[in-house]
Amino acid sequence: MTKTAVCVCSGGIDSTVAAAIASQESYELHFFHASYGQRAEAREKDAVEAIAAYLGVNNLKYVELPFFKELGGSSLTDNNRKVPVGAEVNLDAEKVTPSTWVPCRNLVLLAHASAYAEVISAEALFVGFNAEEAQSYPDNEKEFVERYNAVLKKAVASYSVAPTVKAPLVDLFKPAIIRKGIEVKAPLQLTYSCYLGEEKHCGICESCLHRRRGFEEASVDDPTVYKL
Ligand SMILES: [Zn+2]
């Protein structure tokens with residue numbers, strides 16, 4: 001019997017490696033991508049489509065969440081705020097929330113993806129949550145996944161079987177994620193990580209710096225073209 005998984009995909013490395021793991025585990029994949037007014041929206045969508053094509057995924061579900069941009073409060077969605085770059089970024093600051101935090105984003109995205117999963121009777125929801133992101137963002141921690149899964153059991157109809165959120169990278173930092181990506185043949189060359197959303201990766205925002213350092217520390221050739 002076919003196993004079905006919804007993969008929450010941003011177009012970045014983490015969610016792409018999680019999707020490639022799901023693919024290797026023989027799930028039929030449905031990609032789920034959210035546009036919430038993030039600066040990189042157009043580039044992320046292009047990346048998600050390219051990654052879907054590479055992995056042979058025919059099912060793509062998009063959700064528009066303009067509410068986040070209306071809310072503001074994040075340099076990722078508010079163009080009047082500056083995204084920290086270069087020396088303004090502290091890659092290893094623990095429990096320090098950068099201005100790029102989007103309020104309750106993973107909770108809201110997972111809620112939408114869960115509704116989709118219930119409708120298509122998916123067994124699993126794959127996400128790219130990981131230990132490196134969890135240093136700054138508590139909604140990447142294992143505890144968040146466990147508690148969300150407990151809530152989800154009570155969030156679906158009595159005739160539905162609640163899907164399970166799977167976060168296969170939850171204990172991994174970027175170099176290990178990149179090595180895992182190569183092992184599972186994830187198309188890292190098609191991923192897009194930059195917060196700024198320009199054609200090339202800027203090379204100096206927090207996300208680009210994590211990406212760069214990850215490839216360096218993994219001793220893997222970085223296919224990314226950086227502007228700086
Ligand atoms: Zn960048």
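Reply: L76 lies in the loop between helix 3 (67-71) and helix 4 (helices are DSSP runs of H or I, at least four residues, numbered from the N terminus). The model is predicted: local features need pLDDT of at least 70, side-chain atom pairs need 80 or more, and totals for chains, interfaces and linings use all residues. Residues count from 1 along each chain as its sequence is written, and side-chain values use heavy atoms, without hydrogens or water.

Is L76 buried or exposed? L76 has a relative accessible area of 4%, so it is buried (under 20%, 1.4 Å probe, protein chains only).

Now look along the chain. Q38 is 38 residues away from L76 in sequence. Yet the C-alpha atoms of L76 and Q38 are 5.4 Å apart.

Next, the contacts (heavy atoms within 4.5 Å). Set aside the neighbours within four places in sequence. L76 then touches Y36, G37, Q38 and R39, among others. Its partners also include S99, T100, V102 and R105. Y195 is one of the partners too.

Follow the chain on from the loop. Helix 4 covers residues 105-119, and helix 6 covers residues 142-152. These two helices pack at about 40°, with their axes 12 Å apart (lines fitted to C-alpha atoms over the stretch in contact, angles from 0 to 180 degrees between N-to-C directions).

Definitions and conventions:
Buried < 20%, exposed > 50% of the residue type's maximum accessible area, 1.4 Å probe, protein only.
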